[in-house]
Amino acid sequence: MSKLPNAWFILLALVSIFGVITWYLDRFSKKDELKKITGICGVISMLSLLYVTYTSEGI
C-alpha cells in the first residue's frame with residue numbers, strides 16, 4: 001500500500017463532513033442558502049481529493 005499524504009485524509013474527512021451537513025440541511029432544515037454553500041464546499045473538497053489522489057507519488 002502506498003503512502004498517502006496527510007492532506008488526503010483531511011480532504012476525505014471534509015468530504016464526509018460536508019456530505020452529512022448537506023444531507024441534514026436538505027432533509028431537516030429550510031436553510032437553502034446554507035445547503036448550497038455546504039454542497040459547493042463538498043464539491044470543492046472532492047475535486048481537491050481527486051487531484052491529490054491522482055498526483056500522489058506511487059499511485
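Analyst: First, a term: a helix here is a DSSP run of H or I with at least four residues, numbered from the N terminus. Keep in mind that the model is predicted.

Now the patch. V43, M46, L47, L50 and Y54 make a nonpolar surface patch of about 520 Å². Take one of its members, Y54. This residue is found in helix α2, which covers residues 32-55. Y54 counts as exposed because its relative accessibility is 67%, and the cut-off for exposed is over 50%.

Next, the buried side. In soluble globular proteins, nonpolar side chains tend to be buried together. The largest nonpolar core has six residues: L4, W8, L11, V15, L49 and V52. The most come from α1, with three residues. Look at W8. Setting aside neighbours within four places in sequence, W8 is in contact with L49, V52 and T53.

Now step back to the whole chain. The chain has two helices and zero strands. Its radius of gyration is 14 Å, well over the 10 Å that the globule rule gives for 59 residues, so the chain is more spread out than a compact globule. The C-alpha trace spans about 45 × 15 × 10 Å along its principal axes. Of the 59 residues, 24% count as buried. The chain exposes about 4,700 Å², and carbon and sulfur atoms supply 70% of that area. Finally, consider contacts between residues at least 6 apart in sequence: 65% of them join residues at least 24 apart.

Methods. Residues numbered from 1 in each chain as written. Predicted model: local features only at pLDDT ≥ 70, side-chain atom pairs only at ≥ 80, totals over all residues. Heavy atoms only, no water. Patch = residues over 30% accessible without salt bridge, like charges linked within 9 Å, V, L, I, M, F, W, Y side chains within 5 Å. Areas by Shrake-Rupley, 256 points an atom, 1.4 Å probe, with all protein chains shown as cover. Salt bridge = Lys/Arg side-chain N within 4 Å of Asp/Glu carboxyl O. Buried < 20%, exposed > 50% of the residue type's maximum accessible area, 1.4 Å probe, protein only. Rg over C-alpha atoms; globule rule 2.2 N^0.38 Å. Contact = heavy atoms within 4.5 Å. Core = buried A, V, L, I, M, F, W, Y, C linked by side-chain atoms within 4.5 Å.
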